[in-house]
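Thanks for making the time this morning. I would like to walk through a few helices in this model, and I will start with the surroundings of one of them.

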Amino acid sequence: MGASTFAGEPAVYPSRPVKLIVATAAGSSPDVLARVIAEQLSASLGQAVVVDNRPGAGQTLGIRTLAEAEPDGHTLLLGTTGGLAINPALYRHLDLPGSKSFVPVALMVTIPNILAVAGTVPAESLAELIAYAKANPGKLSFGASQGTPLQLLGEYVRAKSGIDMVYVPYKGGSQAMPDLLAGRIQVSADALPLLLPHIREGKVHALAVTSATRLPELPDVPTLTEVGIDGYPPQTWMGLVAPASTPRAIVGKLNAAVNDVLRSAALRERLPKLGFKAEPGSPDDFARLIATDAEKWAAVVALSGAKGD
């Protein structure tokens, strides 16, 4: 008699290419990570892991696609803080797939973000930006991908400092960047690897980092707490989730494969250069993080007054 399997579990997993949904645009931080991880997982699993970008509606399009997929491990989602921990508070008016629609597989990385302004703005510190904004009400626009920590960072700073900024939604941070560099929007935020080259060239000014401590790459840039904006969660994260009811054996195999990849010599060297900190762990670890961060971000959404479409 052959080995028993869970209901819906193939005798061999994976038995065909695995689709990895990314709910943000090509070139965004999640997309960059997904392509790095997909390359390594393909070799580990013995099947191609294919990135499928499904941007739109504040990541809800990609999350719905996952929720509707067969729970056989062949469709996965690169879950982000925005999609999994913020959306439930930001889109309360929508019937979104909740935590019961997916199962956490593995946390992969944590990421600090940077608040920045276009080089055309006469401000090289948050205090200078606040003073400029109060002297020029309604003239500043803040651009970021919708339903993300980056959107909430702008909304939170606006609410905490009492300045007037107009939010401009984007499908992905990579789309906001050209407008920031050109000065069509004045304020934005993104992960370290995407902003650092432009900061070093003087095209944008870094005002604050969201991390608990200053970053080695930007030792002169203060944390949000240092400049009086407290209460904003210090880090965001990305990890792998699968549809609800995915067999535990498949979740376990995927978790082990992801952790092996994160601990590999290749990624130990590569991820920090991309601004990511590897965070191997168990599915239960990731589940607890999602639950606790959802509460923290609900408080940020409430204070900021941010609303999803």
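Helices (H or I, at least four residues) and strands (E, at least two) are DSSP runs, numbered from the N terminus, and contact means heavy atoms within 4.5 Å. Please keep in mind that this is a predicted model, in which local features need pLDDT of at least 70, side-chain atom pairs count only at pLDDT 80 or more, and totals for chains, interfaces and linings use all residues. Residues are numbered from 1 along each chain as its sequence is written, and side-chain values use heavy atoms, with hydrogens and water left out.

The buried residues of H10 include Phe 286, Leu 289, Trp 297 and Ser 304, where buried means under 20% relative accessible area, exposed over 50%, and partly exposed in between (1.4 Å probe, protein chains only). H10 itself covers residues 283-304 and reaches 31 Å from its first C-alpha to its last, close to the 32 Å expected, the expected span being 1.5 Å times one less than the number of residues. Just after H10, Gly 305 takes a positive phi of about 75°.

Turning to helix H1, residues 29-45, its 17 residues reach 24 Å, close to the 24 Å expected, and Pro 30, Asp 31 and Leu 45 are among its buried residues. Just after H1, Gly 46 has a positive phi of about 80°.

Lastly, Ala 266 lies in helix H9 (residues 265-273), and Ala 266 counts as partly exposed because its relative accessibility is 44%.
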